[in-house]
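Please walk through this model one site at a time.

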Amino acid sequence: MAGGRAIGVDLGATNARAAVVDRSTGAIVAASKEPHVDRSPQAVVEGVARAVREVARAAAVDLGAVGCVGVGVAGQCLGATGLVMNAPNLGWRDVPLGSLLERSLSTPVRVVNDLSAAAWGEQRFGAARGIDDVVLVFVGSGVGSGLILGGRLHEGAWGVGGELGHVKVRPLRPGTRPRRCGCGMTGCLEAYTSGVNVAARVREELAAGAASAVRELVQGDLSRVSASAVDAAFEQGDGYARELWEEVGELLGTTIANVVTLLNPTRVILGGGVLLGAPHLEAIVRRVLSQQVSASAAKQLSVERAHLGDDAGVIGAALL
Ligand SMILES: [Zn+2]
């Protein structure tokens with residue numbers, strides 16, 4: 001710890017963002033962004049190290065005195081070991097990110113799943129300030145969650161807990177053809193509800209001749225199909241969009257309700273570009289959640305939107 005300041009990194013698919021964060025206020029004192037030249041572990045580690053040195057210099061923080069640098073990464077991380085088992089957005093499998101970065105920076109590094117970092121950031125300075133039992137659910141290009149239970153970040157026995165996007169929402173019954181997920185399995189929540197998968201499905205169905213206002217909204221250019229285009233079609237009363245959002249909203253709302261019934265948090269935080277960029281979908285998710293959650297777990301439960309936006313991850317990573 002250097003003067004109550006900490007350094008965090010949000011390692012995304014296209015860039016690494018480093019920030020110096022004030023531990024007592026959560027304010028970002030300095031930030032630096034390094035786009036990935038390529039996604040090889042060596043190149044990314046060098047970019048992260050550059051971004052970290054840059055913010056440390058900008059905020060006059062001595063890297064040696066900061067104690068530990070926190071790094072949030074979108075992928076399955078074996079928490080304490082710093083090993084990234086699988087980060088599809090970076091195309092990584094079994095990359096020892098923690099030790100590579102420690103060697104490059106000559107300082108200890110803590111690697112954590114990006115949504116665990118975001119949950120921690122929101123719990124310290126955002127939508128769940130001071131609340132001990134929090135479930136954060138993000139629906140963006142992917143789907144995931146971060147869990148804080150009894151005031152502690154819950155990463156599971158070896159760090160891969162909270163993978164809400166890969167809980168199964170479609171049965172394996174013979175004759176059914178569940179959609180394949182980016183993780184390699186079929187029937188995952190993410191395969192039905194993430195921005196990437198919703199857009200892919202709408203493109204397939206429009207290409208196969210489905211009638212929907214989405215086609216006009218993207219002016220016939222199917223590469224522009226997105227969750228917000230579906231939401232805009234819903235707004236116009238489009239039957240296709242209404243049916244799709246009922247299905248997607250039911251899957252998300254029911255799954256979140258099941259998590260709440262299981263874990264009994266006092267707050268659920270909703271975030272991510274799909275949920276926050278598609279208000280009609282968000283409304284259905286909230287309605288289904290309240291219908292499906294057990295009455296006992298619903299008592300004193302509140303559902304809030306994420307407050308810290310894109311900063312949650314980097315703030316949480318710094319403070320972990
Ligand atoms: Zn999956």
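A residue counts as buried under 20% relative accessible area, as exposed over 50%, and as partly exposed in between, using a 1.4 Å probe and protein chains only. This is a predicted model: local features need pLDDT of at least 70, side-chain atom pairs count only at pLDDT 80 or more, and totals for chains, interfaces and linings use all residues. Residues are numbered from 1 along each chain as its sequence is written, and side-chain values use heavy atoms, with hydrogens and water left out.

Start at the zinc ion. Its protein donors are His-166 (ND1), Cys-181 (SG), Cys-183 (SG) and Cys-188 (SG), at 2.0 to 2.3 Å. Donors are N, O and S atoms within 2.8 Å of the metal (3.2 Å for Na, K and Ca); water is not among the atoms, so sites may look incomplete. Along the chain, the zinc donors follow the spacing H-x14-C-x1-C-x4-C. The site is tetrahedral, with angles of 103 to 121° among its four donor atoms. For four donors, that term requires all angles to lie between 85 and 135 degrees. Cys-181 counts as buried because its relative accessibility is 6%. Cys-188 is buried too, at 0%.

Now the helices. Helices here are DSSP runs (H or I, at least four residues), as are strands (E, at least two), numbered from the N terminus. Helix α8 covers residues 239-263, which makes 25 residues. The expected span of a helix is 1.5 Å times one less than its number of residues. For α8 this gives 36 Å, and its end C-alpha atoms are 36 Å apart, so the two agree. Asn-264 follows α8 with a positive phi, near 55°.

Helix α3 (residues 114-125) packs against helix α12 (residues 311-319) at about 85°, with the axes 6 Å apart. The two helices are therefore roughly perpendicular, a label for angles of 65 to 115 degrees. Their contact (heavy atoms within 4.5 Å) includes Trp-120 and Phe-125 of α3 and Ile-315 and Leu-319 of α12.

Two residues remain. Ile-284 is in helix α10 (residues 279-292). Its relative accessible area is 4%, so Ile-284 is buried. Beyond four places in sequence, Ile-284 touches Phe-234, Trp-245, Glu-246, Gly-249 and Glu-250. Gly-253 is 31 residues from Ile-284 along the chain, yet their C-alpha atoms are separated by 7.5 Å.

Gly-272 sits in the loop between β12 (267-271) and α9 (273-277). Gly-272 is buried, at 14%. Beyond four places in sequence, Gly-272 touches Phe-138, Val-139 and Gly-277.

Definitions and conventions. Tetrahedral: all angles 85-135°; square planar, octahedral: opposite > 155°, others 65-115°. Axes fitted to C-alpha atoms, helices over the stretch in contact; angles between N-to-C directions. Parallel < 35°, antiparallel > 145°, perpendicular 65-115°, else oblique.
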